[in-house]
Amino acid sequence: MTPKKEDYLKIIFELGGTQKKVSNKQISLSLNVAAGSVTEMVAKLVKDGLAVHTPYAGISLTKEGIKVAEELVRRHRLWETFLVSALGYKLQDVHSDAEVLEHIASENLMEHLDDFLNHPTHCPHGGVIPNKNGDYQEDGHNVLADATDGEVVRVDRFIDNHDLLTYLDDIELQIGDELKIIGHSPFEGPIKIMIKETGQEMSVSFKAAHYIFVK
């Protein structure tokens, strides 16, 4: 399987494609690729029996697609956890090196890495890490953009996208932050929030708010 196919499986998994339909637009924005490229790759995944595409509804993973995605996600996120916790990588800088390491590591090495990290259940950007038996607690898929004015939510995870993570680092929004939604600006404008612990108010872009998952 090509690295590009693997990237698509991982992002469909991350966006909730084990439980619901994920749109081409969501994939396109998450991977920073053209819509036409998404259509082409989705067709290949469907042909390989890894995904199901319903016109005007979106894409979801088949049982085989979920199984493959779980293993890819496990490897990738264990390496991300190691790079951040043991080597001091910044969160937005781990993806490309984790991508290389996940493809060259043996299963024996992955088991030792899991032991060394004390069997983490989540990676540094909040994504679930399946254990070696494929067991894990399914991620939530509620996004900041859908929170209502006045609601209080907690930041749960971020999509693993370099530009997004750089942006969130710049505005100093972190996993675990408790937020009060002050208001949604019209015409896809930013969402104004307040970090409850500090009282700091800030605006989060409309696009970014669709890739920040909250509880």
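Three aromatic pairs are counted in this protein, where rings of Phe, Tyr and Trp (its six-membered ring) pair if their centres lie within 6.5 Å. The model is predicted, so local features need pLDDT of at least 70 and side-chain atom pairs count only at pLDDT 80 or more, while totals for chains, interfaces and linings use all residues. Residues are numbered from 1 along each chain as its sequence is written, and side-chain values use heavy atoms, with hydrogens and water left out.

**Aromatic rings**
- Phe-13 and Tyr-136 form a tilted pair, with 5.8 Å centre to centre and 55° between the planes; planes under 30 degrees apart count as stacked, over 60 as edge-to-face and the rest as tilted.
- This pair links distant parts of the chain, 123 residues apart: Phe-13 lies in helix H1 (residues 3–14), and Tyr-136 lies in the loop between helix H6 (107–116) and strand S3 (152–158).
- Phe-13 counts as buried because its relative accessibility is 3%, whereas Tyr-136 is partly exposed at 23% (buried means under 20% relative accessible area, exposed over 50%, partly exposed in between, with a 1.4 Å probe and protein chains only).
- One aromatic cluster is formed by Trp-79, Phe-82 and Phe-116.

**Overall fold**
- The protein contains eight helices and seven strands, which are DSSP runs (helices H or I, at least four residues; strands E, at least two) numbered from the N terminus.
- Of its 215 residues, 46% count as buried.
- The C-alpha trace spans about 45 × 45 × 25 Å along the principal axes.
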